[in-house]
Amino acid sequence: MLPLVLSDDVAAALAAKRPVVALESTIVTHGMPWPDNVETARRVEAAVREVGAVPATIAVIDGVIRVGLDDATLTALAQTTDVMKLSRADLAYAVARGVTGSTTVAATMIAAHLAGISVFATGGIGGVHRGAELSFDISADLQELARTPVTVVCAGAKAILDIPKTLEVLETLGVPVMAFGQDALPAFWSRDSGLTAPLRADTPEEIVTFLDTRKTLSMGGGVLVTHPVAAEHEIPLSEMNRHIETALAEAHTAGVTGKDVTPWLLSRIVELTDGRSLACNQALIVGNAGLAGQIAVAQSAR
Ligand code: PSU
Ligand code: MN
């Protein structure tokens with residue numbers, strides 16, 4: 001039997017083919033400080049419900065992959081400081097050891113697919129880190145997008161990454177990258193990365209038509225939909241780049257490596273921007289949840 005437990009409302013929605021949106025938990029445990037993390041998670045779930053879909057936040061709790069968390073479990077997870085950050089490499093390890101871990105984009109895609117959920121909202125995906133030509137630090141999220149058939153709605157790759165290289169790797173892996181409502185690829189806190197997205201969609205229905213066409217052509221793997229943060233919450237790239245340079249130099253001096261890099265940079269950038277990056281991060285993920293909900297609704301209407 002799969003070590004996978006669906007909440008009652010997620011199970012009921014899936015059984016009735018009603019729209020469901022998967023949500024990750026690493027953003028809760030490693031991406032934001034308490035109590036902003038749990039407040040954001042609740043707002044994100046509400047945004048999914050508002051458009052008529054059911055939210056399914058995913059995490060491993062005591063070795064069980066839980067799809068859909070009740071508020072008490074979500075709150076407890078948000079306050080725990082020693083949970084594992086799980087990607088493809090260690091998801092099964094956490095299950096085998098019976099421990100608790102939060103799921104990254106890669107691990108959330110795996111769990112969502114096992115549960116039968118095909119739309120997933122997050123903030124930003126992992127990607128090719130700056131200096132990857134020396135560190136070889138490339139997130140497992142990119143390979144997961146290539147192999148697992150889940151549509152991921154995000155605000156682009158974080159500008160702490162090397163965005164042009166991230167886009168190149170996605171192209172190499174055959175992952176469609178769409179910008180929603182604009183030509184430019186967004187850069188997480190900023191609406192414009194300076195790069196043009198390979199593909200564009202202007203409505204959730206267009207995205208669903210594209211997904212259906214991929215299915216007809218027997219194409220596996222995921223699709224990345226990038227959704228720019230609302231203009232009133234954005235922080236321009238020129239300003240973010242200053243803070244990113246500072247944080248990267250400090251991380252290098254502090255010897256931060258591996259899976260600690262992304263959480264370390266994110267929390268340092270919150271300090272460097274006096275909390276503005278956090279407010280922006282909250283706004284963009286809530287926005288992404290709404291769009292993912294609309295895609296799921298359009299999909300289940302077909
Ligand atoms: N974006 C955020 N906060 C986060 C992450 C992304 O604003 O915490 C997480 C996601 O879970 C993503 C992961 O999958 O960081 C990527 O980590 P890595 O680069 O170690 O693969
Ligand atoms: Mn990494």
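Because the model is predicted, local features need pLDDT of at least 70 and side-chain atom pairs count only at pLDDT 80 or more, while totals for chains, interfaces and linings use all residues. Residues are numbered from 1 along each chain as its sequence is written, chains are lettered from A and ligands numbered from 1 in the order in which they are written, and side-chain values use heavy atoms, with hydrogens and water left out.

Ligand 1 is surrounded by 17 residues, with E24, K85, V105, S139 and D141 the closest; a residue is near a molecule if one of its heavy atoms lies within 4 Å of it. By class, this shell holds four nonpolar, nine polar and four charged residues. Here Ala, Val, Leu, Ile, Met, Phe, Trp, Tyr, Cys and Pro count as nonpolar, Asp, Glu, Lys and Arg as charged, and the others, Gly among them, as polar.

Several polar contacts (pairs of N or O atoms within 3.5 Å) link the ligand to the protein. S139 places a polar side-chain atom 2.7 Å from an oxygen atom of ligand 1. An N or O atom in the side chain of T262 is 3.2 Å from an oxygen atom of the ligand.

Where does ligand 1 sit? Its place is the largest pocket, in the sense that more than half of its atoms lie within 2 Å of the grid points of that pocket. Pockets and cavities are found on a 1 Å grid over the protein atoms alone: a cavity is a set of points where a 1.4 Å probe fits but cannot get out, a pocket is an open set with protein on both sides within 12 Å along at least five of seven lines, and lining residues have an atom within 4 Å of a point. The largest pocket has a volume of about 570 Å³, a volume being the space filled by probe spheres set on the points, which are joined across faces, edges and corners.

Of the 33 residues lining this pocket, K85, T104, S139, D141 and T262 lie nearest its centre. The lining comprises twelve nonpolar, 13 polar and eight charged residues. At least two lining residues come from each of α2, β5 (84–86), α8 (140–147) and α12, and α12 gives the largest share, four residues. Helices (H or I, at least four residues) and strands (E, at least two) are DSSP runs, numbered from the N terminus.

The model also contains three cavities of 30 Å³ or more.

Among the residues that line it are I125, I163, L167 and L224. Its largest contributor is α9, with four residues, and its lining has eight nonpolar, three polar and no charged residues.

Conventions: A polar contact is a pair of N or O atoms within 3.5 Å; within protein, one must be able to donate a hydrogen and the other to accept it, and residues adjacent in sequence count only if both atoms are side-chain atoms.
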